[in-house]
Structure formats: C-alpha cells, structure tokens
Amino acid sequence: MKDTNKHQGLRNLLVKQLKEKGITDKNVLDAIAKIPRHLFIDSSFENFAYQDKAFPIGADQTISQPYTVAFQTELLQVEKEHKVLEIGTGSGYQTAVLCLLGAKVYSVERQNELFKKTKNLLSKLTINVIPKLLSFGDGYKGLPDYAPFDSIIVTAGAPVIPQALMSQLKIGGRLVIPVGKKEQIMTLLVRKNETQFEKTEFGDFKFVPLLENKN
C-alpha cells in the first residue's frame with residue numbers, strides 16, 4: 001500500500017482542478033490533497049486515480065468523481081466532532097474525507113462484499129480515517145439508534161428523500177442527497193424545526209441507485 005511523491009503531485013494537480021471548478025472550502029481541499037485515492041480503487045485504474053472521474057469498484061458500485069465528493073462535502077459544512085451519517089460507504093473514499101475533517105462518521109453499506117473490503121482498507125491506512133461505526137444494512141432506514149445527526153450525506157441516487165433520514169437529522173442539521181431516478185438533482189435540506197425543512201436544489205448529477213430493503 002504505497003503512497004509516493006508522484007501520487008502526492010497528482011493529488012495537488014487534482015486539488016487545483018477542483019478549485020477551478022468552484023470548490024472553495026479549504027478543509028475539504030486539504031483532505032482530498034492527503035487521501036491516497038489510488039488505494040480505494042482497483043490497481044488496474046491506478047494511473048487514472050487522480051483524474052476527476054468515477055470508476056467501478058465492484059458489486060455494481062462506483063467511487064464518485066472527486067468533484068462530486070468535494071461538492072457534497074462542501075454542502076455539509078462539516079465541523080470537528082460533528083456526528084455525520086453517511087449512506088453508502090462504497091469504497092470508503094468519501095468516508096475518509098469526512099473523517100479527516102474531524103467528523104464522527106457513522107456509515108451504512110448495503111453490499112456485504114464492499115462492506116468487508118472497505119472496513120479492512122480503512123483500518124490499514126496510515127492516515128487517521130477510522131469511522132465511529134461501519135454498519136452493514138439498509139441505508140433507507142439510516143441508524144436511528146445513533147440519531148440525531150449534525151448532517152447526513154447520501155452517496156446514491158434516491159427516487160424520493162427517505163422520511164427516516166429526515167427524522168434522524170437534528171434541528172439545524174443538513175441533509176445532502178441526490179434525488180431522481182435516471183439522473184439526480186443534488187438537494188440540500190436544512191432542518192428548521194420539528195416539522196419544517198428548507199430545501200435548495202443544485203445541478204444535475206449521476207449516481208448509482210439507492211435501493212431499499214436490499215442487501
């Protein structure tokens with residue numbers, strides 16, 4: 001599991017590219033500059049790991065393109081010690097970004113193959129990216145036993161916003177979720193009180209689907 005000066009140089013170029021695309025959060029950019037993305041994907045893609053592209057990671061899932069990771073993370077406005085629920089652990093790359101920001105990350109993955117692989121990978125990385133909890137289960141249900149959360153991030157396309165996730169968000173908390181079937185609109189919900197949410201929509205994105213009752 002090598003991370004070389006060459007990889008660091010490629011990460012620096014990636015960060016420059018993300019800045020040019022409009023990412024401004026210094027903490028998010030710093031996290032992306034530190035995380036060895038090439039270790040989160042198949043070694044056959046290593047030479048392309050720092051391109052701003054998504055790649056397959058097995059089990060019909062993908063590692064999101066770095067811009068998407070940065071964009072969603074920036075919307076979350078993560079602060080140190082925030083409790084963050086991540087729906088869709090996937091490769092663990094987004095998980096690692098959240099951990100490096102100082103969040104207490106609770107992550108749910110429905111694919112057992114990925115769950116085991118990613119849990120093993122995160123435990124071996126030399127940077128400190130150990131989440132509070134990695135859970136194998138149905139992302140639609142969230143993790144009610146650990147709620148409320150300061151923020152929730154969903155890394156798969158949902159046809160609707162799951163009510164369970166809305167209920168697990170603390171007042172003032174932020175839920176970032178791509179909503180739609182074939183293509184998704186990145187959506188931010190901010191919880192104003194027990195019953196009211198402020199909704200903001202951003203551009204079109206494309207994600208693998210968020211599946212209910214399947215794992």
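This is a short walk through one protein model, from its overall build down to single residues.

Keep in mind that the model is predicted. Let's start with the whole chain. We have six helices and nine strands. The C-alpha atoms fill a box of roughly 50 × 35 × 35 Å along the principal axes. How does the radius of gyration fit a compact globule? For 215 residues, such a globule would come out near 17 Å, and the protein has 16 Å, so the two agree.

Now the inside. Of the 215 residues, 52% count as buried. Then look at contacts with a sequence separation of 6 or more. In that set, 53% come from residues 24 or more positions apart.

Next, a helix pair. Take α2, residues 26–34, and α4, residues 93–100. Their axes are 9 Å apart, and the packing angle is about 125°. What do we call that arrangement of α2 and α4? The angle lies between 115 and 145 degrees, so the pair counts as oblique. The crossing of α2 past α4 is right-handed. Who touches whom? From α2 we have A31, I32 and K34; from α4, Y93, V97 and L100. By class, that contact has five nonpolar residues, one charged and no polar.

Stay in this region for F40. This residue sits in the loop between α2 and β1, the strand at 55–58. Is F40 buried or exposed? Its relative accessible area is 5%, under the 20% cut-off, so F40 is buried. What surrounds F40, beyond its neighbours within four places in sequence? The contacts include I35, I57 and I63, then S91, G92, Y93 and A96, and also L121, L122 and L125. Y93 also takes part in the α2–α4 contact.

On to another loop residue. Q168 is in the loop between α6, at 163–167, and β7, at 169–179. Q168 is buried too, with a relative accessible area of 5%. Leave out neighbours within four places in sequence. Q168 then contacts L85, plus K141, G142, L143 and P144, plus A147, P148, F149 and I152.

A147 and P148 are joined by a cis peptide bond, with omega about 5°. P148 lies in the loop between β5, residues 133–136, and β6.

Strand β6 itself covers residues 149–154, and S151 is in it. S151 is buried, at 1% relative accessibility. Beyond four places in sequence, S151 contacts L76, K83, V84, L85, L169 and R174. L85 is on the contact list of Q168 as well.

Q77 lies in the loop between α3, residues 66–76, and β3, residues 83–87. With a relative accessible area of 46%, Q77 is partly exposed. E81 is also placed in the loop between α3 and β3. Phi of E81 is positive as well, near 75°, and E81 is not a glycine either. At 52% relative accessibility, over the 50% cut-off, E81 counts as exposed.

Key:
Residues are numbered from 1 along each chain as its sequence is written. This is a predicted model: local features need pLDDT of at least 70, side-chain atom pairs count only at pLDDT 80 or more; totals for chains, interfaces and linings use all residues. Side-chain values use heavy atoms; hydrogens and water are left out. Axes are lines fitted to C-alpha atoms, for helices over the stretch in contact, and angles run from 0 to 180 degrees between N-to-C directions. Helices (H or I, at least four residues) and strands (E, at least two) are DSSP runs, numbered from the N terminus. Angles under 35 degrees count as roughly parallel, over 145 as roughly antiparallel, 65 to 115 as roughly perpendicular and the rest as oblique. A crossing is left-handed if the near helix is turned anticlockwise from the far one by less than a right angle, and right-handed if clockwise. Contact means heavy atoms within 4.5 Å. Ala, Val, Leu, Ile, Met, Phe, Trp, Tyr, Cys and Pro count as nonpolar, Asp, Glu, Lys and Arg as charged, and the others, Gly among them, as polar. Buried means under 20% relative accessible area, exposed over 50%, partly exposed in between (1.4 Å probe, protein chains only). The radius of gyration is taken over C-alpha atoms; the globule rule is 2.2 Å times the number of residues to the power 0.38.
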